[in-house]
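Here are a few friendly notes to read alongside the structure. Please keep the model open as you go through them.

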Amino acid sequence: YVPDTDPLQMKSFVLDLNEGAILISFDDFPDINTLSVKNITIQSNATVSSGTGQWFTLSGGSPSLAGNGRTLNLTLSQSDANLLRNMSDIGKTVNDTYLAIAYSAISDYFGNPMFPLYPNGSAVRAANITGDTTLLQVLHFDLDMNTGVLTLHFSKTYMVSTFNVSG
């Protein structure tokens, strides 16, 4: 018996802004119980530094395995998904969407940590992007007749500058 000591390596990833998910394919079987989402960063180019490019470090999400067990399906937290949908320089095309993953983000089933993809040049470009095509919906509203204030509650965030009150 020869134990597996090879680090887990990411092969590719897909960002699905419509579903609010990232699918990450690995060369081995990731152990989702070791996932630390806060060690995953999405950025606008392979190298980001102070003053150049946009980046966003995830704060939460729900992992599951997909396909042959070598693909991590990370459903983003609602706040992360909404922030990504509204970023101007990330997630529009594969050319402006890169993933950086720290050494401690996830391990395989043998405890081998992830081969790190640093934000300073080794981040990996997206294989595919699915844009957000889900229409904005009003979930409910509150109307205060004493103050004349109407409060609308939407299904996701939106750009206020695009809101047209005149119809």
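**Notes on a strand, its sheet and a buried asparagine**

1. Let's begin with strand β4, residues 40-43, in what is a predicted model. Ile40 and Ile42 point one way from this strand, while Thr41 and Gln43 point the other way. All of these residues are buried. In a regular strand, side chains alternate between the two faces of the sheet.

2. Next, the neighbours of β4. With strand β8 (residues 98-101), β4 pairs in the antiparallel sense over four bridges. With strand β5 (residues 55-57), β4 also runs antiparallel, joined by three bridges. Threonine 41 is a handy landmark here: its bridge partner in β8 is alanine 100, and in β5 threonine 57 stands opposite threonine 41.

3. Now the sheet as a whole. Its four strands come in the order β5-β4-β8-β10, forming an open sheet with antiparallel pairing. At the edges are β5 and β10 (124-125), each of which pairs on one side only. Two bridges join β8 to β10, and leucine 99 stands opposite valine 124 in β10.

4. Finally, a loop residue worth a look. Asparagine 112 lies in the loop between β9 (107-108) and β10. Is asparagine 112 buried or exposed? Asparagine 112 counts as buried because its relative accessible area is 9%, under the 20% cut-off.

5. What does asparagine 112 touch? Leaving aside residues up to four places away in sequence, its contacts are Asp4, Thr5, Asp6, Pro7, Leu8, Ile106 and Ser107. The side chain of asparagine 112 also reaches the backbone oxygen of aspartate 6, at 3.3 Å.

Notes: Residues numbered from 1 in each chain as written. Predicted model: local features only at pLDDT ≥ 70, side-chain atom pairs only at ≥ 80, totals over all residues. Heavy atoms only, no water. Buried < 20%, exposed > 50% of the residue type's maximum accessible area, 1.4 Å probe, protein only. Pairing = 2+ DSSP bridges. Polar contact = N/O pair within 3.5 Å; in protein donor to acceptor, adjacent residues only side chain to side chain. Contact = heavy atoms within 4.5 Å.
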